[in-house]
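Have the model open as you read.

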Amino acid sequence: MNHDDLGGGLAGNALYEMVLARGRGDWTAAHAAAKTMSFRPVTAHPAHANLYRGAPAVAYVLHIAGHPAYARSLAKLDAETVAIVADRLDAAYRRMDSGRPPRLREYDLISGLTGLGAYLLHRGRGNVLERVLRYLVRLVTEPLAVDGHRVPGWWAATDPRDAVGTGRFAHGHANFGIAHGVAGPLALLALARRAGHTVDGQDDALAEGITHLTAWAQPLANGSSGWPELLPLGAYRKGPEPGAAPGRPSWCYGTPGIARALQLAALALHDDTARRLAEHMAFQAVTDFRQTCQITDASVCHGWAGLLLTTDRIASDSARPDLAGALPALRARLESAIARGEAPEDTGLLTGNAGVRLTQHTLTTTPHPLDLGWETCLLLN
């Protein structure tokens, strides 16, 4: 198990312990988790380090802790993260200037510059964050040509696993999800604007993202609606597909995560039409059995914990009381999944038990520990 892995390893458990310690004032378990997370050297290589792995992941956890015992380590990891961002931006701009489409890992939340930007936003590193925002503005607003066809600048050159595309993904794909697709950059641009970090063209990029997601809000076969998770070139060129099969309503790829990104962008631009669409899509996703029956575990990434937390964040910014009204049923589904033993056994935030327990703690503790903003790593707040 990776010690410096936030999504599936020990750093995820450390994040949970830090949030608990901040509320309870007992740091015994948190300090033990920090020691376990840091017992081996942490990777800071730009090709391998990102928000969910290596120096930035550990720095994120120590920043959430806010404990003076970690100040020296955090300063060192923070400097390493800023250097990683600079290296990543240089490579991204060289790729952009060549006219080639990116790999997912260049820009996405889990592995790319969007995730590093989420760290910088939470850390308050405004100058470096603004460099990332300027890159994302270009990514969203400057189209590319693939096989002679116009595609958006975030079009992935690779298949959904970020490997060289073959077969139906020979020309890459459009990825819509918040974990790996365009919803991630859109959410970060919106959250940064909410926090007062703006760059030239940011509102244009938000408007472009709103237009794109609005256009791809598809009516499903059962009268509900949702977004596609990802599309190869042929399907993307055909446009939205009325009557599409409903997908899994997960945080990572599904309609709820995308809806949160659209809602945040709409709130940033005071676009009431787009906000209502985002909230309508989210409500349909969480109340449509054909969608929710596809959830088979309790995890944050693609299970009940992620669906509950995402819906809670959408409801908190919504004028629709029915979204908040849907939360008790989702909470009950999460508790049932845990009781049936569907909680994952590893320690990570995304795919592990730490994320499930952190979600439960966040949504059942009064007052909510949301002021810590730990869910910035999910781009929910």
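## Ground rules

For accessibility, buried means under 20% relative accessible area, exposed means over 50%, and partly exposed is in between, using a 1.4 Å probe and protein chains only. By that scale Arg138 is partly exposed, at 24% relative accessible area.

This is a predicted model, where local features need pLDDT of at least 70 and side-chain atom pairs count only at pLDDT 80 or more, while totals for chains, interfaces and linings use all residues. Residues are numbered from 1 along each chain as its sequence is written, and side-chain values use heavy atoms, with hydrogens and water left out.

## Salt bridges

Side chains of opposite charge can pair when their charged atoms come close. The cut-off here: a salt bridge is a side-chain nitrogen of Lys or Arg within 4 Å of a carboxyl oxygen of Asp or Glu. Searching the whole structure turns up 17 salt bridges.

Glu80 pairs with Lys76, with 3.0 Å between the closest N and O atoms. Glu80 is partly exposed at 23%, whereas Lys76 is exposed at 53%.

Elsewhere, salt bridges with shared partners tie Asp78, Arg123 and Arg125 into one network.

What does Arg138 pair with? Its side chain meets that of Asp97 in a salt bridge, 3.4 Å from N to O. The pair links distant parts of the chain, with Arg138 in helix H7 (residues 126-141) and Asp97 in H4, 41 residues apart. Asp97 is exposed, at 60% relative accessibility.

## H7 against H9

H7 also packs with helix H9 (residues 202-215): their axes (lines fitted to C-alpha atoms over the stretch in contact) come within 9 Å and cross at roughly 40 degrees, on a scale running from 0 to 180 degrees between N-to-C directions. The two are therefore oblique, the label left over once angles under 35 degrees count as roughly parallel, over 145 as roughly antiparallel and 65 to 115 as roughly perpendicular.

In contact terms (heavy atoms within 4.5 Å), Leu133, Val137, Val140 and Thr141 of H7 meet Gln202, Asp204, Ala205, Glu208 and Gly209 of H9.

Definitions and conventions: Helix = DSSP H or I, 4+ residues; strand = E, 2+ residues; numbered from the N terminus.
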